[in-house]
Every structure is written in C-alpha cells, then in structure tokens.
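Subject: Structure handover

Dear colleague,

Here is the structure I said I would pass on. Please look it over before reading my notes below it.

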Amino acid sequence: MDVAFFSAKSYDRSSFQSANSDNTHTLTFFEPQLNPQTAVLAVGSPAVCAFVNDCADAETLDISAAGGTRLLALRCAGFNTVDLKHAAELGIKVVRVPAYSPYAVAEHAVALILALNRKIYRAYNRVRDDNFSLEGLQGFDLFGQTVGIVGTGQIGMVFARIMQGFGCKLLGYDVYPNERFESLENASHVSLPELYANSDIISLHCPLLPDTYHLIDDEAIAQMKPGVMLINTSRGGLLDTPAAIKGIKSGQIGYLGIDVYEQEDGLFFHDLSDTIIQDDTFQLLQSFPNVAITAHQAFFTRNALEAIATTTLANISQFEAGEPLTNEVTYQPPTVSTAEPVA
Ligand code: NAD
C-alpha cells in the first residue's frame, strides 16, 4: 500500500525502511508536519502516517479524504490531535501504536535523576574547559532515598524496579493501585499527600487527563519535602511551570528534570539554534543550574523506534487485508474522554 509519512526525520526513514525491507508497502517521506496546508502532499496515498504533533483536524481530514486517503496510521500512542468524529464521518480509519518500550521512558527518567544528582552536565562542560575543581558538584547517595512514583502503570513499574535496584524505598500513587507494585520489596501505595510529604524524589508516570492537568501546582509543591527532586517524563501539562519556577526560586524544589513541557509544540523536535526563542518561561527555566531539560526524547531508543515501525506497518497490512484492526482508535461519545495525550 502507498503510505505518505509526515514530520519524517532521518530516523523515521531508516527505522521504517528497515521494517519494510521486503517492500510490502511503498513509503514516501515528507518533512513538513501534517496540516491543512500540507495535506495535499498525500493526494493519491490511501494511507497517511502521522506523528505526535501532526494535525489531523476536520479541514486536514477533508483534504486527505478527497485525495483518496482511507487510513490514518499514527506512529505514536496519542491521538488527541485527530478529529476522530470527523474521521469516522469520512470513513477514514485511525490506528495507533499503543505501547512500544516502557524501558525507554523509565530509563530516561533515571538518566535525568543521575544527571541532576551528580551534576553530569556541569561536570562534562567543566572538564572540557580544563576546570577540574569539584566545588558545586556534590551529589547524594540514591541508596536509602524515598522515591515517589505517580502512576504505577507500565512505565512507572519499570522505573520502580530500577530505583529498587539502587536501594530506594518506593511510594506509589495510582487511581488503580496494582498488586505488582505492592509485591516489590520496600514498596507501598499511599495517598498523594503522603507521597508528596515523604518523597526525596518524585517522578510522574501518569497520563495527562482533565483531572491530572497541573497536578503539580503551588499547593502540591508546598506539600513536598524542601529540596525535593521532581522528574517529569510524562506530559508537560502535568506540571504548572510558573509554580515550578516559584518552587525552584524558593528552594522548595531542589532539582527539576523534564523531558516534556506544556508549550513544547513549536519548540521540541526542531533545530531553533539560529532563532530567538520567544518563550520567556522556557528560557527562565533553562537558566537555573538545578534544572535539566531534554526535548521529548525519552521514547527515542533504537528498540522503541523498531517497535513503532513494526507495529505501524502491521497496522497498515491489517487494513490492506481487510482484517480486524487490533490497534484501531474509534470515536467515543463526548461523555467519554477520547483525548488521552500520550506520546
Ligand atoms: P499506563 O497506562 O501503563 O500507566 C499509567 C498509569 O497512570 C495507570 O496505572 C493509571 O491507572 C495511572 N493513572 C491514571 N490517572 C491517574 C491519576 N489521576 N493519578 C495517578 N495515576 C493515574 O501508561 P504508561 O505506558 O506507563 O505511560 C505513562 C505516561 O508516559 C503516558 O501517559 C505518557 O504521557 C508518557 N509517555 C512519555 C513518553 C516520552 O517520550 N516522554 C513516551 C511514552 C509515554
């Protein structure tokens, strides 16, 4: 089947070309994001493949449908950028990759913890400058620390096991507590206030939903241990960034590691090194020595990309063969949230 890829980077080409080495499908890669201005590029392609920040609103879908598109294959888990109702009205099926590698994201959360604690980013730059002083580089042992995990699902569980390996005590909070977490040594589910009050490190692994929007706000930060380390590899909207900045300035937050940022669309995934960033909040956040930011790269491992490519092409093959679509996303009535924004 002819498949038109949008927001295609070099790594998308290579992972998909190797997953399609038998040329089952004909892949065409376009660099621009999918939107009403670019949708026309896919005219004649029965399948369009889109990523997290591609826009599949009603106008875009109208152009795609008029051009012959019948399948929107998302190479990500989230589908909040798709007008599912309109897609259904146009007869366009939507499929996604619900899970690829919980290890990739959990391990990145640990990388942020270690980088912040042992100040790896500062030490690296210092040594390159022939400055071998240790002043300001002191860290702490992770052994014996209490780690709070908000969301003990797939990624939260992998993260919990890694932190257990360091000898940490684990406190979990989840709206659906699971026995697998409880069965870990030194781990128990507690209430959110208990988790905030007793954790030295807090890592967010729950989805962004209406009830988790700005979960970490002024009130939550005030309940945390002074000097807490806060890690967010989940979704930018979980964190009220101005509240975090206030917490950093007062010392209540001792370390902040983020892979996601509420206003990341338009920033992340682009090389803006020659431009003037207009987002003052982001620039202020960057200026603090105890803040480490990565640009939504937690998912970005070879293994995850292979899994994404394999599942996406399998989704497309199922559609072409007229088989039931294992990973179909269907329109739900408005009372049910269809907008879980996962990566
Ligand atoms: P999952 O569904 O396996 O786990 C999420 C857990 O959060 C579930 O156990 C659920 O019960 C729990 N939860 C739901 N609402 C909650 C609430 N209000 N408070 C506490 N817990 C709540 O999902 P997962 O695969 O572990 O992914 C977790 C999140 O990681 C995703 O939602 C996504 O936002 C993020 N993610 C980020 C990247 C990245 O590259 N940075 C990549 C993939 C996923």
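The model is predicted, so local features are given only at pLDDT of at least 70 and side-chain atom pairs only at pLDDT 80 or more, while totals for chains, interfaces and linings use all residues. Residues are numbered from 1 along each chain as its sequence is written, and side-chain values use heavy atoms, with hydrogens and water left out.

Overall

The protein has 12 helices and 12 strands; these are DSSP runs numbered from the N terminus, with helices being H or I of at least four residues and strands being E of at least two. Its C-alpha atoms fill a box of roughly 60 × 50 × 35 Å along the principal axes. The radius of gyration is 22 Å, which agrees with the value near 20 Å that a compact globule of 343 residues would have. That radius is taken over C-alpha atoms, and the globule rule is 2.2 Å times the number of residues to the power 0.38.

Two strands count as paired if DSSP finds at least two bridges between them. Angles here run from 0 to 180 degrees between N-to-C directions, and axes are lines fitted to C-alpha atoms, for helices over the stretch in contact.

Within this sheet, β4 (residues 71–74) runs parallel to β5 and is joined to it by three bridges. A73 has V95 in β5 as its bridge partner. Contact means heavy atoms within 4.5 Å.

The seven-stranded sheet

A second open sheet has seven strands, also with parallel pairing, in the order β8-β7-β6-β9-β10-β11-β12. Here β8 (187–189) and β12 (291–293) are at the edges, each with a single partner strand, so one side of each lacks a neighbour in the sheet. Neighbouring strands are turned by 15° against each other on average, direction ignored.

Strands β6 (residues 146–150) and β9 (residues 201–204) run parallel and are joined by four bridges. G148 stands opposite I202 in β9. Two helices lie across strands of this group. Helix α6 (residues 154–165) lies across β6, β7 (169–173) and β9, at about 175° to β6. Helix α11 (residues 280–287) lies across β11 (253–258) and β12, at about 120° to β12.

Helix pairs

Which helix does α6 pack against at about 50°? The partner is α4 (residues 102–117), and the two axes are 8 Å apart. The pair is therefore oblique; angles under 35 degrees count as roughly parallel, over 145 as roughly antiparallel, 65 to 115 as roughly perpendicular and the rest as oblique. On the α4 side the contact includes P102, Y103, V105 and E107, and on the α6 side Q154, I155, F159 and M163. The residues of this contact divide into 12 nonpolar, one polar and one charged. Ala, Val, Leu, Ile, Met, Phe, Trp, Tyr, Cys and Pro count as nonpolar, Asp, Glu, Lys and Arg as charged, and the others, Gly among them, as polar.

Helices α1 (residues 10–19) and α12 (residues 302–321) have axes that come within 9 Å and cross at roughly 55°. They are therefore oblique as well, and the crossing is right-handed. Y11, S15, F16 and A19 in α1 meet L305, I308, A309, T310, T312 and L313 in α12. This contact comprises seven nonpolar, three polar and no charged residues.

Helix α10 (residues 241–250) packs with α11 at about 30°, their axes 11 Å apart. These two are therefore roughly parallel, and α10 passes α11 in a left-handed crossing. T241, I245 and I248 in α10 meet T281, L284 and L285 in α11, a set of four nonpolar, two polar and no charged residues.

Regards

Definitions and conventions:
Left-handed = near helix turned anticlockwise from the far one by under 90°.
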